[in-house]
Amino acid sequence: MGMTDIIPLIVAKYNYWLFVVLMMIGLYAMIAKNNLIKKLVGMNIFQTAIILFYVSIGYKSGATLPIIQNVHEGHGHAAIHAADYINPLPHVLMLTAIVVSVATFGVAMALAVKIYQRYHTLEEDELRMRLSEK
Amino acid sequence: MKFFGFVVVCLVGGLLLYGTADFPDWGDPDSPASTHLSDIYIEHAFEQTQVPNIVTAILADYRGFDTMFETAVIFCAGLACFLLLRDFKERKERFYRHVPTGVILHVKNSKKALRVGRDFEHIDKDWIPSDLIIKTVCRILIPFIQIYALYVVAHGDFSPGGGFQGGVIFGSSLILLAISYDLKILVRRIKEKVLGICAAAGVLVYVGIAAICMPMGKSFLDYSALEMFVFDPHHVRALGMLGVEIGVGIAVAAVMAIIYINIVSEGRHDEGL
Amino acid sequence: MNNYPALIVIAPLLAALFAGLAVWIEDRLSYYIAILGLAVSSFSALKVLIQVIESGTIQYKMAGWDAPVGIEYRIDLLNAMVLLLISGIALFNLIASYKNVEQEISDRKGSFYTIYLLFVTGLLGVTATGDLFNLYVLIEITSLTSYAMVALSDKDRGPLASLNYIFIGVIGASFYLLGVGYLYMKTGSLNMMDVADIIASQHDSSTVLVGFILCMIGVWIKMALFPMHVWLPNAYSYSPVAFSRVVAPLMTKVMVYVMIRLMITVFGFEYIFNTLHLSEAVVWLATIAVLAGGVLALAQDNLKKILAYIIVCEIGYMVGGAWLGNQSGMTGAILHLLNDALMTFALFLGLGNMVYMLGKVKLNNLQGLFSRMPWTMTGFVVAAFSIVGVPPTCGFFSKWYLISGAFEAGAYHFAAALIISSLICAILFFKVFEICFFQSSPDLQGQGHGHKFQVMAEAPVSMLIVSNLVSFSLIVVGVFSGTIVKTIILPFLQGI
């Protein structure tokens, strides 16, 4: 693929490229950082980037948010055009994913508190050193 | 580890970007995602469920089964925090403040506890005199935040909102109370037992409403089985959704408070933040 | 209305919530609630299996909506079998675990049973569902509960092991979620059958390919295939024994099930074996996993860790079998899924009895165990024979199918790895048995003028009955392997 093909490709889908970059920042922090809280932050960035990715699948140009308008006016069932509303499904899925990521984050925080209570550090190399002494 | 991380990130990122080559353009109204199921939902959701907010209709009805487990995930997180952190041992040292004079007493022997009342009050180890402005503003705000939370839960069928959002707002009002006053006030007002029961009961409301549909002769979660319980059979699905959203709201609010209390006080429920 | 498919999953969920209420009202009730919930679940699973064998695949529409719009449960022979396996193991483990829980976590039993039930609910839901996103939510329930459990038992290492498990678990689940997103992008659907129909015409799409790879990597991380296995040994050896007994046989097996389900139902053999040419690479990966698991197990001195690495090794068997791309290999993988769950369960039941009586299970704690705990050891020996693959036990038959599948596919390296790993397991268990049989326990040596006198100190009867029953079932399943293959696995594979 030549350079001339790639540029329109990126322009049409630049949002997905941005989210992939964001995901990789998070993933890198999860793998390479030494501090457990930094790893947790990386985890959150990773999950949030996935949420952004999904939500942007739902976008449709020229459409508005998926709440049917004017339903109470005179009960006249004006035809609902699918093209007027954006795709609601990714929003539903991501509501679930947000909840899951919050729950995971809560449990991870509780574990971090527990580790800190015992070892008074959250640096992974120090923790490993302390554990190997035992 | 840094190099390893870099290599992994490059490989995964390259794979993900390679996959985007075949994506439909962003916002393309004719992409498969925007036409296949999406059109069915948009065109039929209102007539089938009488709920104008399609996101709510999918969340609590078409894919209500997902949402039920999502609530279970929340419940599970609260329980996990409790299980991991809760420490029932009381702190040996205690700090008291003599209210009329402002003298602070440090009692090291837990058996010689002072009676807390008009003369003495419990205080935290790192006690800072609380700010009158913050206290007053929060005292005024908290009821309004809570009313707003109820509005968000109840209005989830018609506007953005629903059980999760409302529950989180309600939970944050409790957290605001703990921040602006202190944790003891919150723990005294709302007992741990109440929070624990609410967390389980909220999910139980959801699963219960869903399960009642089975002996009524419909499949699990099919709200149309509940017609005989509601005054307005035309809106039975909307009312069923409202019911489960209330359950979700209760569970989420309780779990928010449980997670907050356990994490800031390291499981001792006495002081923190 | 036939509600049994929903009841399999809902009964333990309801029980979990009532147990969660019982935590605050009367802690002791939670155990009986848990038993009741799992009994209803097992009964429903049995009913469903019989129905499926008699009359074919059952569809259950959640909330009454038709398939791609709503979520459906689609229960065919494969997941009916796995559902019964999960609910049965969970129930038997609960019966055996009463005393273990009293011993290890007596102050928060109610919370333990609640989490246990939620974990089982998650596994059952993963197995029953026919929806890709619903699968993700339920995987997260099982993961979240196991994160909490891993941190409970060992106060020094548990929390850190659990946090590392979270990081890896989140990466695995997120990969799966991303994969589903890529598929959704091209199909606009989340229902497995619907997605399968739509991607049948898009086999050359790079998005589908990346979606497939992401889903597979996610599932492999969750099932601890060799290079991604690092979380498993720690996670399984630091959780309370009552929990590791259910997580060890089931968690990885359910992920293998998910892999097989994705391969068969969503992507299809045509796509995987004819369009893509990944199968050889994956079989090599599985070969390495089998060997590495065996070698790492040899290096351990703690019985819990040895068993954990044996699981890593067994994962290689099933992944390799499924990716051989022929009927014998897939039959072997599915049969081994059933057998391995039972074998691992039997081993961990024995382990639980030892932990209950001894506390620690380092190899040198096990001296003189044959005379101290003869009944526990009987069950343990049968399970060990089955892992090695000695004929009347079930382990032999699934290995037979796997090896013949490997020869059919010309994957001689995989067949060799299977045989070598059986030898390694044999060496490993005879090492353990030597310590248990020939060395007498240290606290009795030197007492009583030189002659050694061993007191029998056996685990409680409830635990012994369950562990011997399960070990006996290994032989029964082995004897009836042919029937299982003929009534369940072959009709399932031919029905695709």
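In which loop of chain B is the place of Val116(B)? Val116(B) sits in the loop between β2 (104-107) and β3 (120-123) of chain B; helices (H or I, at least four residues) and strands (E, at least two) are DSSP runs numbered from the N terminus.

This is a predicted model, in which local features need pLDDT of at least 70, side-chain atom pairs count only at pLDDT 80 or more, and totals for chains, interfaces and linings use all residues. Residues are numbered from 1 along each chain as its sequence is written, while chains are lettered from A and ligands numbered from 1 in the order in which they are written.

**Loop residues**

Val116(B) touches Glu121(B) and His122(B), residues up to four places away in sequence not being counted. Contact here requires C-beta atoms, placed from the backbone, within 7 Å.

Gln50(B) is not a glycine, yet has a positive phi of about 65°; its loop joins α2 (32-49) and α3 (54-62) of chain B. Ala63(C), also not a glycine, has a positive phi of about 60° and lies in the loop between β1 (58-61) and β2 (72-75) of chain C.

Burial is given by the number of other C-beta atoms, placed from the backbone, within 10 Å of a residue's own: 20 or more is buried, 12 or fewer exposed, and in between partly exposed.

| Residue | C-beta atoms within 10 Å | Class |
|---|---|---|
| Val116(B) | 12 neighbours | exposed |
| Ala63(C) | 24 neighbours | buried |

**Helices**

Helix α4 (residues 64-85) of chain B is mostly covered, with 22 of its 22 residues buried.

The axes of α8 (residues 192-212) of chain B and α1 (residues 4-25) of chain C come within 9 Å and cross at roughly 155°. Axes are lines fitted to C-alpha atoms, for helices over the stretch in contact, and angles run from 0 to 180 degrees between N-to-C directions. That angle makes α8(B) roughly antiparallel to α1(C), the term for angles over 145 degrees. The residues of α8(B) in this contact include Lys193(B), Gly196(B) and Ile197(B), and those of α1(C) include Trp24(C).

**Chains A and C**

Between these chains, 25 residues of chain A are in contact with 23 residues of chain C. On the side of chain A that touches chain C, α3 (36-57), α4 (89-119) and α5 (124-133) of chain A each give two or more residues. The most come from α4(A), with 12 residues.

Conventions
Contact = placed C-beta atoms within 7 Å. Parallel < 35°, antiparallel > 145°, perpendicular 65-115°, else oblique.
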